[in-house]
Amino acid sequence: MSANSPHASLYEAFRDPVTHVDLQPVREGLANGSSTAFEFMDGDPGVVDFMAPSPASAADEANLKMYNDESSTEKYRNFLRWLFKTFEVDEDWFRADLLSRLAITDGMKVLVVGCGLGEDVALIQNDIGATGQVHAQDISKSMVKAARASIHAPNVCFSVSNALKLPYKSRYFDVVFHFGGINLFGDLKQAISELERVCKIGGRVVFGDEGIAPHLRGTEYADVLIHNNPLWALEAPMRELPSNADAVTLEYLLGNCFYLITFTPGEGFPKVNLDVPHVGARGGSARTRYYGRLEGVSVETKRKLLDAAQARGISMHDLLEQVIGAQLADAQPRSPQT
């Protein structure tokens with residue numbers, strides 16, 4: 001049944017959330033070849049439930065209590081109405097403006113983490129065209145069910161899963177997007193690491209949540225809002241970004257009360273040439289100045305070294321290389337003469 005599903009081509013994105021091994025479609029869902037099977041929610045091949053085999057953390061339990069009961073979707077929608085009225089922003093305009101930062105084009109594969117009621121999923125679907133894919137994830141079955149009720153398309157697939165263990169293939173998506181929940185995920189560094197893991201090298205990760213801009217901290221404006229919602233006291237987690245994050249931007253939205261971070265996963269650390277020589281009396285390069293540091297000498301010796309280097313028309317680095325190299329060569333033990 002699953003092999004003939006209109007979503008079958010989308011199943012290639014899924015992996016076991018713990019082992020990351022491939023999954024194969026079976027009658028009731030997806031399986032990793034052992035005893036672990038991830039069932040379709042309510043028999044719907046467009047929604048895969050990855051939560052059952054994994055124990056929930058304290059943060060997960062708190063989120064499920066907040067977002068997974070019968071009234072959670074109504075409470076969430078009421079919160080959104082309050083939020084946009086408070087900041088006097090039209091919700092449709094805000095969502096369109098926010099998603100414009102994703103730079104989506106036809107044929108892209110996009111993941112929405114923490115999809116909520118699916119408003120952004122529907123908008124993204126319009127941008128990817130018929131050949132693109134949208135995967136939407138949330139820990140709450142209630143949220144996913146509500147989102148799925150309004151979105152039925154062969155290139156959209158949902159998962160009920162944990163954002164700290166995303167059930168997706170590494171380096172699969174062109175764009176990974178999340179807004180409005182990562183502060184509650186329980187482990188910010190791990191959550192951001194997962195966003196980066198499933199995004200292609202050179203792709204785009206965009207995420208954000210509550211956090212008042214630094215220039216407003218300590219003002220009455222900030223104090224009133226933080227008293228209303230303590231999450232606004234949190235700071236943008238720039239220190240938690242992976243070391244390969246490139247083209248990093250940070251901006252603030254909705255009354256400067258929400259941060260938005262964008263970055264591109266790169267190949268390791270940024271490219272840098274540590275061997276470009278410095279021009280001047282000191283000389284050397286970034287590499288030699290760091291890795292070639294020597295024990296300190298007296299101020300008088302350092303002054304003499306500088307004077308001697310200037311007299312020879314070379315840098316202190318080059319003179320040290322010559323003098324120390326010559327001394328070490330003379331100090332080498334010589335082979336006994338026969």
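Reader: Where is leucine 294 found?
Author: This is a predicted model: local features need pLDDT of at least 70, side-chain atom pairs count only at pLDDT 80 or more, and totals for chains, interfaces and linings use all residues. Residues are numbered from 1 along each chain as its sequence is written, and side-chain values use heavy atoms, with hydrogens and water left out. Leucine 294 is in the loop between helix H8 (286-291) and helix H9 (299-312). Helices (H or I, at least four residues) and strands (E, at least two) are DSSP runs, numbered from the N terminus.

Reader: Is leucine 294 buried or exposed?
Author: Leucine 294 counts as exposed because its relative accessibility is 58%. The cut-offs: buried is under 20% relative accessible area, exposed over 50%, partly exposed in between (1.4 Å probe, protein chains only).

Reader: Switching to helices. At what angle do H2 and H5 pack?
Author: Helix H2 (residues 72-86) and helix H5 (residues 141-150) pack at about 75°, with axes 9 Å apart. That makes H2 roughly perpendicular to H5. Axes are lines fitted to C-alpha atoms, for helices over the stretch in contact, and angles run from 0 to 180 degrees between N-to-C directions. Under 35 degrees is roughly parallel, over 145 roughly antiparallel, 65 to 115 roughly perpendicular, and the rest oblique.

Reader: Which residues make the contact?
Author: Ser72, Thr73 and Tyr76 from H2, and Ser142, Met143 and Ala146 from H5. Contact means heavy atoms within 4.5 Å.

Reader: And H6, what do its buried residues pack against?
Author: Strand S5 (109-113), strand S8 (173-179), strand S9 (199-210) and strand S11 (258-265). The buried residues of helix H6 (residues 188-197) are Ala191, Ile192, Glu194, Leu195, Glu196 and Arg197.

Reader: How many salt bridges?
Author: The count comes to 17. The rule is a side-chain nitrogen of Lys or Arg within 4 Å of a carboxyl oxygen of Asp or Glu.

Reader: What does lysine 200 form a salt bridge with?
Author: Aspartate 174, with the closest N and O atoms 3.0 Å apart. Lysine 200 lies in strand S9 and aspartate 174 in strand S8, so the pair ties together parts that are 26 residues apart in sequence. Aspartate 174 is buried at 18%; lysine 200 is partly exposed at 29%.

Reader: What about arginine 303?
Author: Arginine 303 forms a salt bridge with glutamate 300, closest N and O atoms 2.7 Å apart. Those two are three residues apart in helix H9, so about one helical turn separates them. There is also a network: salt bridges that share partners join Arg77, Glu91, Arg95, Glu119 and Asp120.

Reader: Backbone next. What is phi of histidine 20?
Author: Near 65°, a positive value in a residue other than glycine. Histidine 20 sits in the segment before strand S1 (24-26).

Reader: And where is glutamate 88?
Author: In the loop between H2 and helix H3 (91-100). Glutamate 88 has a positive phi too, about 50°. Glutamate 88 counts as exposed, at 72% relative accessibility.
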